[in-house]
Amino acid sequence: MSEKKNDNKILVIMILNKTELLDELLLEFTNVGIDSATVLNSVGMAQQLSSLEDTRIISTIRPFITSDHSENKMIFTIVDESQVETIRKVVNDVIGDLSNPDTGVLFAVPTLFTEGFH
């Protein structure tokens with residue numbers, strides 16, 4: 001098995017609500033040396049539940065549905081630990097302050113190992 005040790009690799013995950021900024025964000029990632037990521041379509045819990053026909057459920061969750069977006073984008077990338085702050089800066093420069101509503105969520109977790117990663 002060609003398993004590599006951690007070597008301080010970090011999995012960075014961005015849930016992007018402002019999907020119209022996806023291309024700009026990915027281009028900025030490449031400008032700072034992040035040249036590999038996976039992008040998936042995703043739907044938040046509130047958006048998914050809002051499609052239910054039960055009016056009781058809809059009235060319960062409606063206050064939490066403030067987005068005009070029906071889906072999000074999830075961006076996954078594995079980077080060296082030293083690149084995490086660069087990613088945070090790029091995300092905040094392109095997307096804006098993530099504490100504002102309807103922007104996105106960014107988090108990172110350490111990896112135990114990587115395979116198939118170059």
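Visitor: What is the order of the strands in the open sheet?

Guide: This is a predicted model, in which local features need pLDDT of at least 70 and side-chain atom pairs count only at pLDDT 80 or more, while totals for chains, interfaces and linings use all residues. Residues are numbered from 1 along each chain as its sequence is written, and side-chain values use heavy atoms, with hydrogens and water left out. The open sheet has 4 strands in the order β3-β4-β2-β5, with antiparallel pairing. Strands here are DSSP runs (E, at least two residues), as helices are (H or I, at least four residues), numbered from the N terminus.

Visitor: What makes β3 and β5 edge strands?

Guide: β3 (38-42) and β5 (104-110) each pair on one side only. Neighbouring strands of the sheet are turned by 20° against each other on average, direction ignored.

Visitor: How do you know that β2 and β4 pair?

Guide: Two strands pair if DSSP finds at least two bridges between them. β2 and β4 have 8 bridges, in the antiparallel sense, so they pair. I15 has M74 in β4 as its bridge partner, and M14 stands opposite I75 in β4. β3 and β4 also run antiparallel, joined by 5 bridges; T38 has F76 in β4 as its bridge partner.

Visitor: Which strands does α4 touch as it packs on the sheet?

Guide: α4 touches β2, β4 and β5, and its direction makes about 15° with that of β2. Contact means heavy atoms within 4.5 Å. For the angle, axes are lines fitted to C-alpha atoms, for helices over the stretch in contact, and angles run from 0 to 180 degrees between N-to-C directions.

Visitor: How do you know that the span of α4 agrees with its number of residues?

Guide: The expected span is 1.5 Å times one less than the number of residues. For the 12 residues of α4 that gives 16 Å, and the end C-alpha atoms are 16 Å apart, so the two agree.

Visitor: Why are the buried residues of α4 said to be on the same side?

Guide: The buried residues of α4 are V84, I87, V90, V91, V94 and I95. They cover an arc of only 120° around the axis, so they lie on the same side of α4. The arc is that of the directions from the helix axis to the C-beta atoms. An α-helix has 3.6 residues a turn, so residues three or four places apart point the same way. The face of α4 turned away from the buried side carries the exposed residues K89 and D93.

Visitor: Why does N31 count as exposed?

Guide: Buried means under 20% relative accessible area, exposed over 50%, and partly exposed in between (1.4 Å probe, protein chains only). N31 has 58% relative accessibility, so N31 counts as exposed. N31 is in helix α1.

Visitor: Which residues touch the most other members of the largest nonpolar core?

Guide: A nonpolar core is a set of buried Ala, Val, Leu, Ile, Met, Phe, Trp, Tyr and Cys residues joined through side-chain atoms within 4.5 Å. The largest one has 17 residues, of which L16, L25, F29, I75, I87, V91 and I95 touch the most other members. α4 gives the most to this core, with 6 residues.
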